[in-house]
Amino acid sequence: MAIENRAYDFLVKVVLIGDSGVGKSCVISPCLAVTFPNSYLSLPSALAVLSRFTRGEFNPDSKSTIGVEFATKSLEIDGKIVKGQIWDTAGQERFRALTAAYYRGSAGALIVYDITSRPSFEAVPQWIQELKNNIKVDDGNMQLMLVGNKSDLAHWRAVSTDEGTALAEEYKMSFMETSALDASGVEEAFGTILKDIYGVLS
Ligand code: GDP
Ligand code: MG
């Protein structure tokens, strides 16, 4: 049976945060548009993005009326099914208006920046502060992961991988670069945060 359909042992909430436009929604739901006028989506990468969803690795879930959207991602660890409910902001981060309800009860957060946007990288500490204002991060129960998205846009890179690694070390978070466009690193990023969360649960 597909893992998404099996009964789960743990249900954990993971929130996506980070500046608007970094690709948060695209890492959990099909997105075929591209950011830059010069870039184009080749047929193979379009197919890769589509097949990710038809294979059922992510279940785009309900679009709720409270302005929150989420997808689920399940992983088997030590014979246990850990089901991650990945919450997306539905665009509210544009107004820095994420509510306490958005963060409430989350076991993990993916803090996303865009490797072609320095401001989005420089905003990461503010997002961590925002998280701390809304939730008890310091008690060690909440797992943070830094995600540098749009790794396919190598020509426009404005933040080096080393800088991402250093920032993640400073805040004791896992780190990964991803591309929602060619799907690289995306599975691994969700796998890593779910494993990190499982590590503190078990
Ligand atoms: P959000 O505001 O953080 O949810 O960002 P979106 O998911 O809406 O993405 C913003 C823009 O970036 C859209 O035009 C996406 O198509 C584009 N985008 C998202 N992820 C990637 C990626 O990995 N690579 C490229 N090239 N573009 C991406
Ligand atoms: Mg979005």
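View 1. Strands (E, at least two residues) and helices (H or I, at least four residues) are DSSP runs, numbered from the N terminus. This is a predicted model, in which local features need pLDDT of at least 70 and side-chain atom pairs count only at pLDDT 80 or more, while totals for chains, interfaces and linings use all residues. Residues are numbered from 1 along each chain as its sequence is written, and chains are lettered from A and ligands numbered from 1 in the order in which they are written.

**View 2. The strand partners of β5.** Two strands are said to pair if DSSP finds at least two bridges between them. Strand β1 (residues 10-17) pairs with β5 in the parallel sense over five bridges, and within this pairing Val14 has Gly108 as its bridge partner. Strand β6 (residues 143-149) also runs parallel to β5, joined to it by seven bridges, and in β6 it is Gln143 that stands opposite Gly108.

**View 3. The largest nonpolar core and Ala109.** A nonpolar core is a set of buried Ala, Val, Leu, Ile, Met, Phe, Trp, Tyr and Cys residues joined through C-beta atoms within 7 Å. The largest one has 50 residues, of which Val14, Ala109, Leu110, Ile111 and Leu146 touch the most other members. Helix α7 (residues 186-201) supplies the largest share of this core, seven residues. Two residues are in contact if their C-beta atoms, placed from the backbone, lie within 7 Å. When its neighbours within four places in sequence are left aside, Ala109 is in contact with Val14, Val15, Ile17, Leu131, Met142 and Leu144.

View 4. In helix α5 (residues 124-134), the residues Val124, Trp127, Ile128 and Leu131 are buried. They cover an arc of only 100 degrees around the axis, which puts them on the same side of α5; the arc is that of the directions from the helix axis to the C-beta atoms. An α-helix has 3.6 residues a turn, so residues three or four places apart point the same way. The face of α5 turned away from the buried side carries the exposed residues Gln126, Gln129 and Asn133. The buried residues of α5 pack against β1, α3 (100-103), β5, α4 (118-122), β6 and α6 (161-170).

**View 5. Helix α7.** This helix has 16 residues and reaches 23 Å from its first C-alpha to its last, close to the 22 Å expected at 1.5 Å a residue, where the expected span is 1.5 Å times one less than the number of residues. The buried residues of α7 include Val186, Phe190, Ile193 and Ile197.

**View 6. Two loop residues with positive phi.** Lys150, in the loop between β6 and α6, has a positive phi of about 70 degrees although it is not a glycine, and Lys150 is buried, with 28 other C-beta atoms within 10 Å. Ala183, in the loop between β7 (174-177) and α7, likewise has a positive phi of about 70 degrees without being a glycine, but Ala183 is partly exposed, with 18 other C-beta atoms within 10 Å.

Terms used. Buried ≥ 20, exposed ≤ 12 C-beta atoms within 10 Å, placed from the backbone.
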